[in-house]
Amino acid sequence: MPKQIGNVQLMQKMNRLRVLNHIRRNPDISRPVISEQTGLSLASITNVTSYLLSIGLLTESGIEPAARVGRKSTLLRFCSEAYGLIVASLSEESADVFYTELEGKIICSHNIDLPHKSCEQFIAVTESCINELLQQFGKENTLAICINFSGMVLDGNRFVLSSSMKWKELDIKKIFEEKTGLPVFVENISILRAVWYSSSHKDSYNKNIMFVDLENGIGAVQVNYGSVNRTVLGEIGHTTVEKDGIECFCGNRGCLEAMCSAERIKSIYASLSGENVLLQDIAELYEKDNPSAQKAVGKCAEFLSIGLANLISLFRPDMLVINEGQFASCRCLTELSVELMHSRAYEALLQDLDVRYVNIDLEKTIAGAAVETCDRLFDIAFPHNPVE
């Protein structure tokens, strides 16, 4: 008998999470439509949504506009303000710590400049900000903490490797879970940007997307039919594109992000022209056919094109989304890279490829962090979500 009760409770929890996540992705939806789209009976949907309304995770959002005979159904949407999240976005020079609603709306933020600080100092300052937010908004109202940075997240979110942060095998998840007592999710920042793009562009749901992030190094994320492919670590920046190239933090030589960066373009231009100028100036000179600018951009674009062509050959995406990041003021670099990619990759893989250029700011990245954190929290495998 206990086993049967356990199975019933598990099925009940699975149905609650299934309905909740369906409404998260399809706001302002009626119970009959949820029943039709999920395959659950209308009676089950009524029971599940009544429970979710009672714990504050759903809210009624109006009456359906459908022009049909009979009583109109009430619309439901995810109640993002029911609980909060803490999102800490870390870079080599600063810690940005936010308190957000469950869909990423920022309620409060702290920005601390931390140039040249040690790992211990970074952790201490971030912990202080997190504790301040927990005291202000209440630990009982906060579901989780998401810590993100540029680098690899390994071994079930336990160890991180970041060239920009100068971190190697740091168990940041354990550190902050012990300090706060809350669930901590550690994430590569490129994944959060890719999640934001996929979740906010409905035409990408049924696509195999390769998201290339040119901010904070060079990252690559595969989002296949709305789900991040976790087997792809995303650090294409540490693949070798020149065997005797310049040295990278990781200890190797000729890594993609070492051979193609804003700093390297400026360095090449300075060595050719004798002038130190901004990347935007080089881009303007490139458009005016300046030889030094053309050579500087061309050299780096060639290496980026190798990385892009390799991704096309490995994953055959329907859509290539390039977050221009550090090259936002130098569109000529990304456009030339894509042009050269077409001469490298197999033609049949490029025929229907949709290439898009985007610039995803910190606010959108935080929204991506909220979506990804809620996806993990409201998963049947996660033991501490508020849906019991």
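Select glutamate 187 to begin: at 3% relative accessibility, this residue counts as buried. The model on screen is a predicted one.

**Along helix 12**

Next, select aspartate 375 and arginine 25. The two form a salt bridge in which the closest N and O atoms are 2.8 Å apart. Aspartate 375 lies in helix 12 and arginine 25 in helix 1 (residues 2-25), so the pair ties together parts that are 350 residues apart in sequence. How accessible is aspartate 375? Its relative accessible area is 24%, and it is therefore partly exposed. Arginine 25 is likewise partly exposed, at 36% relative accessibility.

A further salt bridge may be displayed by selecting arginine 356 and aspartate 354, whose side chains meet at 3.0 Å, N to O. Aspartate 354 counts as partly exposed, with 27% relative accessibility. In total, the structure holds 17 salt bridges. Side chains of opposite charge can pair when their charged atoms come close.

Proceed to the segment after helix 12 (362-377), where isoleucine 380 is found. Isoleucine 380 is partly exposed, its relative accessible area being 39%. Which residues make a nonpolar surface patch with Ile380? Select Leu10, Met11 and Met14: with Ile380 they make a patch of about 350 Å².

Turn now to helix 6 (residues 189-200), which contains serine 190. Is serine 190 buried or exposed? At 5% relative accessibility, it counts as buried. To see what surrounds this residue, select Phe211, Asp213, Gly219 and Val221; serine 190 touches these, residues up to four places away in sequence not being counted. Then select asparagine 323. The C-alpha atoms of serine 190 and asparagine 323 are 9.2 Å apart in space, although the two residues are 133 residues apart in sequence.

**Two packed helices**

For the last stop, select helix 8 (residues 262-273) and helix 10 (residues 291-315). Two packed helices are described by the angle between their axes and the distance between the axes. Here, helix 8 and helix 10 pack at an angle of about 145 degrees, and their axes are 8 Å apart. The crossing of these two helices is right-handed.

Show the side chains where the helices meet. On the side of helix 8 are Arg264, Ile265, Ile268, Tyr269, Leu272 and Ser273. They meet residues of helix 10 including Ala293, Ala296, Val297, Cys300 and Phe303.

Finally, centre the view on serine 292, whose place is in helix 10.

Definitions and conventions. Residues are numbered from 1 along each chain as its sequence is written. This is a predicted model: local features need pLDDT of at least 70, side-chain atom pairs count only at pLDDT 80 or more; totals for chains, interfaces and linings use all residues. Side-chain values use heavy atoms; hydrogens and water are left out. Patches are made of residues with over 30% relative accessible area and no salt bridge: like charges are joined within 9 Å, nonpolar side chains (Val, Leu, Ile, Met, Phe, Trp, Tyr) within 5 Å. Accessible areas come from the Shrake-Rupley method with a 1.4 Å probe; for residues, only the protein chains shown count as cover. A salt bridge is a side-chain nitrogen of Lys or Arg within 4 Å of a carboxyl oxygen of Asp or Glu. Helices (H or I, at least four residues) and strands (E, at least two) are DSSP runs, numbered from the N terminus. Buried means under 20% relative accessible area, exposed over 50%, partly exposed in between (1.4 Å probe, protein chains only). Axes are lines fitted to C-alpha atoms, for helices over the stretch in contact, and angles run from 0 to 180 degrees between N-to-C directions. A crossing is left-handed if the near helix is turned anticlockwise from the far one by less than a right angle, and right-handed if clockwise. Contact means heavy atoms within 4.5 Å.
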